[in-house]
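Please find below my note on the model under review. The points follow the order in which I would raise them.

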Amino acid sequence: MKKVIVLGSNGQLGKTIKDFTDSSTIDFHFYSRSDLDITDKTKLETLFACSDFDYCINCAAYTNVEGAETNNEDAYLINADGAKHIAEVCNRFQVKLIHISTDYVFDGENNEPYTTTDQTNPINQYGKSKLQGELYIQEQLNEYYIIRTSWLYSLHGKNFVKTIVGKLKSGSTLNITTEEQGTPTSCLDLASFILYLVTSDKVPYGIYNFTANGSTTWYGFAQEIAKNLPYGNSDQILPTSKFKTLAKRPQYSVLSLNKTEENFKKLNTWQISLREILSEMQA
Ligand SMILES: NC(=O)c1ccc[n+]([C@@H]2O[C@H](COP(=O)([O-])OP(=O)(O)OC[C@H]3O[C@@H](n4cnc5c(N)ncnc54)[C@H](OP(=O)(O)O)[C@@H]3O)[C@@H](O)[C@H]2O)c1
């Protein structure tokens, strides 16, 4: 049985992976931030030295994109240095690493989906810190998967879907930006790809994009949420092009899925995956 450590297990992706544990044949070991802080390399070393893990799944990250603009020290400490520590211990103890990265490593100037070999050029501090983490991993390891994903949502934690559902329920009117084009991604879909990497043990190492199929704006995403709820009314959602944020956002961050689909399977459209989560939320 493969022995797998999951870091950052209290985040929405970590918790979604945990939901899979009952049905899987993997020996999972979940570590939240309070169990193991990835900025503490000594603790990582001590644990890895006596644990004999086959895989490490790193879901730990500084994910506050706005916060990273004013608090970029923390963003770098966790997303860059933390990833470096993990890569170093994986190298030393021969553990394969699955690390989650982001569409925000790109500048958004493309007009077709970004492939895994396209030039990176992050335009905000979060994206820069995540890219530095990727580079450290590639320096240290051969046996790694870096998975770039986008617009994650799930039943857990704070995310766009849960926020919009809550606001629609309370009857609020919402102004949602039409300015960015990207792809909403269900943590359930991403977790199943991660589990496939571990169980199949035959996918070539390297960088993969993972999102649902298709793309939309945040406004289109919110409209689709409203359309699928019994109490949702799409008139509550108004388009705006004047949504001000501290962090610059890539205008277009759609990721090409060709390499992932060749190695895994055809992926759902974002609308189908969204419906699955919304019906679980209603259940
Ligand atoms: N959310 C998105 O839309 C999105 C989009 C693209 C890529 N990603 C990437 O996907 C991955 C998973 O994201 P997510 O949405 O699941 O994020 P999340 O819900 O914010 O979870 C991140 C987890 O990391 C933990 N963490 C933070 N600093 C840590 C440290 N020093 N040591 C150990 N754990 C630490 C957090 O702990 P606390 O709970 O204590 O804060 C939290 O539980 C991340 O790599 C993120 O960059 C996310």
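1. A backbone N or O atom of Gln12 lies 3.0 Å from an oxygen atom of the ligand. For Ile38, a backbone N or O atom is 2.9 Å from a nitrogen atom of the ligand, and a polar side-chain atom of Thr63 is 2.6 Å from a ligand oxygen atom. Taken alone, the ligand exposes 900 Å², of which the protein buries 81% (Shrake-Rupley areas, 1.4 Å probe).

2. This is a predicted model, in which local features need pLDDT of at least 70, side-chain atom pairs count only at pLDDT 80 or more, and totals for chains, interfaces and linings use all residues. Residues are numbered from 1 along each chain as its sequence is written, and side-chain values use heavy atoms, with hydrogens and water left out.

3. The ligand is surrounded by 24 residues (a heavy atom within 4 Å). The closest are Asp37, Ile38, Thr63, Tyr126 and Lys130.

4. Ser32 sits in the loop between strand S2 (27-31) and helix H2 (41-49) (DSSP runs: helices H or I, at least four residues; strands E, at least two; numbered from the N terminus). Ser32 counts as buried because its relative accessibility is 6% (buried: under 20% relative accessible area, 1.4 Å probe, protein chains only). Leaving aside residues up to four places away in sequence, Ser32 touches Ser9 and Asn10 (heavy atoms within 4.5 Å).

5. In helix H10, the buried residues are Trp270, Ser273, Leu274, Ile277 and Leu278. They cover an arc of only 135° around the axis, which puts them on the same side of H10 (arc of the directions from the helix axis to the C-beta atoms). Their cover includes helices H6 (160-169) and H7 (187-200).

Conventions
Buried means under 20% relative accessible area, exposed over 50%, partly exposed in between (1.4 Å probe, protein chains only). A polar contact is a pair of N or O atoms within 3.5 Å; within protein, one must be able to donate a hydrogen and the other to accept it, and residues adjacent in sequence count only if both atoms are side-chain atoms.
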